[in-house]
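Subject: Structure handover

Hello,

Here is the structure I promised you. Please open it first, then read my notes below.

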Amino acid sequence: MKRGSGWILPTVTGAVLVALWYAIKGFWHIPTFVLPSPGEILEAGWQERRTLLSSILITGRGALLGFLAAVGIGFLMSLVMAFSFRLKQSLYPYILMLQMTPVIILAPIFVLWLGQGLPAIVAVTFMICFFPVVANTTMGFLSADRGWGELFAICGATRWQEIRHLRIPAAMPYFLTGVKIAGTLAPIGAITGDFLAGTQQNGVGGIGFMTIAYFSQLKIPALFATGLVACVLGFLFVGGVSLLHWLLLRRWHDSFISKGEG
Amino acid sequence: MRVKDGFNNLLMTDPGPLVRLTGVGKRFGDGPAVLENIGFAAHPGDFVSFIGPSGCGKSTILRLVAGLTAPSAGEITVGGAASPAGVFLVFQDANLLPWRRVSANVELPLMLRGDSVSVRRERVREMLELVGLRDAARKFPWQLSGGMKMRVSIARALSVSPRLLLLDEPFGALDEMTRNRLNEDLLAIRQKDPFTALFVTHSVAEAIFLSNRIVILSPNPGRIAREIAVPFPYPRPPELREAPEFLSLLAEASHALRSVLAP
């Protein structure tokens with residue numbers, strides 16, 4: 001398929017889905033408070049635009065902070081674990097355990113410790129993003145080619161030189177995969193966070209908070225619109241992370257080069 | 001043995017061996033012996049090829065000399081010292097770092113040993129010139145052919161002017177024409193920038209064309225079965241491969257290799 005025509009198929013699919021939506025709603029006479037039409041959702045979204053914009057900023061801030069903390073701490077933790085087998089053995093089961101504990105159980109604990117609001121939301125996001133970063137990056141640090149290690153040994157490289165010039169670049173693709181997964185999870189984490197621990201000012205809170213608010217007010221089209229807004233936030237994150245991925249790997253990594261041209 | 005003063009001293013006072021293996025044996029863990037009682041010395045300027053069947057420990061000899069693994073028995077000295085400083089290994093696959101450009105790959109050993117940027121830049125230019133890859137400096141490894149990758153690998157190895165170059169089947173994965181071409185170029189490079197070499201190969205013809213000594217190893221465990229001297233002077237023209245003396249030596253060496261396999 002030619003480049004540039006990639007938007008045709010998704011657009012057609014979208015149009016078909018919207019048509020189907022209207023058809024189902026019309027055929028069975030489904031009321032708006034059960035299933036609003038796409039038009040009604042967009043209209044509600046437009047009416048609530050100030051609120052929704054604020055909520056996207058509130059949630060986005062929590063998501064970004066939690067995501068950055070998870071990426072930074074995850075990277076350092078992996079580095080440490082990759083170079084000390086004992087530390088890895090001691091820590092990894094507990095990192096796994098944290099991952100196994102559902103966030104909805106952790107959230108009230110965070111609220112207990114940190115209070116309602118941003119710190120608790122950041123903590124929830126962190127918990128959800130941390131594991132994919134650690135798991136992938138640790139794997140990356142450990143999977144540098146043996147021959148490369150020998151090359152550095154023959155060159156008499158110091159430990160730090162090996163980390164800086166071999167381990168970190170070799171781990172980059174793995175690390176960025178972890179970051180990508182974390183990027184898709186961060187908005188979900190933050191929305192879960194403000195669903196469970198969010199606060200409001202003049203009736204405006206994060207996306208998760210607004211979901212509850214609209215639901216309790218039976219503003220159903222606006223409730224659906226928060227879903228749309230959550231998608232936008234998700235795409236912003238994925239877009240940012242993909243851009244980073246592209247910037248760092250496009251020149252040399254297999255995922256960006258077609259071997260046939262070499 | 002009076003060679004304990006390092007390489008320079010040794011060259012000035014006594015053209016003794018640059019690398020010496022005495023009674024070297026190697027086994028990995030509790031496994032069977034890979035090498036047994038290897039005694040061998042290479043002198044400055046030697047180009048020694050090791051041939052032998054798969055699993056006879058040819059590559060292990062290079063890895064021992066490079067200091068990548070320690071012998072289970074015996075002693076290895078390089079330039080009179082026990083540490084393998086000044087030794088560089090050219091790996092089986094070119095072993096380039098995919099995230100570094102060609103120039104940065106060649107530069108790596110210089111950077112790791114702490115040369116200044118200007119020294120590095122000049123040396124990289126020289127090396128790429130030497131291996132005929134001046135125009136590829138800005139490319140990434142994936143943009144190169146197998147032969148070009150190997151040239152980069154050789155340039156990287158020579159950048160630090162090692163006194164001993166170890167080459168572990170460097171051209172094994174290349175087609176015959178590319179391999180012959182690189183053999184000729186390797187000798188041409190050596191005319192300009194002399195080095196002592198230990199070379200592992202499966203190809204008898206390649207061993208004869210390149211080296212002045214051929215060591216034939218027998219397998220299980222690897223031992224030195226025979227050594228053949230190659231009397232042809234350097235520089236060697238490509239036509240040497242068709243000369244009767246070359247072909248008769250090829251027959252002799254092939255026969256020797258066969259008798260090692262089925263005594």
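Start with one residue pair in chain B: B:Phe50 stands opposite B:Val215 in β8(B). Helices (H or I, at least four residues) and strands (E, at least two) are DSSP runs, numbered from the N terminus. The pair belongs to a link between strand β3 (residues 47-51) and strand β8 (residues 213-218) of chain B, which run parallel and are joined by 4 bridges. Two strands pair if DSSP finds at least two bridges between them.

Before going on, note that this is a predicted model: local features need pLDDT of at least 70, side-chain atom pairs count only at pLDDT 80 or more, and totals for chains, interfaces and linings use all residues. Residues are numbered from 1 along each chain as its sequence is written, while chains are lettered from A and ligands numbered from 1 in the order in which they are written.

**Sheets of chain B**

An open sheet of 6 strands runs in the order β5-β6-β7-β3-β8-β9, with mixed pairing. β5 and β9 (223-229) of chain B are at its edges with a single partner strand each, so one side of each has no neighbour in the sheet. Neighbouring strands here are turned by 20 degrees against each other on average, direction ignored. Axes are lines fitted to C-alpha atoms, for helices over the stretch in contact; angles run from 0 to 180 degrees between N-to-C directions.

Another open sheet has 3 strands, in the order β2-β1-β4 of chain B, with antiparallel pairing. Strand β1 (residues 19-27) of chain B pairs with β2(B) over 6 bridges. B:Val19 has B:Ala42 in β2(B) as its bridge partner.

**Two helices of chain A**

How do helix α9 (residues 207-216) and helix α10 (residues 220-249) of chain A cross, and at what angle? Their axes come within 8 Å and cross at roughly 165 degrees. That makes α9(A) roughly antiparallel to α10(A) (over 145 degrees; under 35 is roughly parallel, 65 to 115 roughly perpendicular, the rest oblique). The contact residues divide into 8 nonpolar, 2 polar and no charged. Ala, Val, Leu, Ile, Met, Phe, Trp, Tyr, Cys and Pro count as nonpolar, Asp, Glu, Lys and Arg as charged, and the others, Gly among them, as polar.

**Where the chains meet**

16 residues of chain B are in contact with 15 residues of chain A (C-beta atoms, placed from the backbone, within 7 Å). On the chain B side, α3(B) gives the largest share, 3 residues.

Best wishes

Conventions. Contact = placed C-beta atoms within 7 Å.
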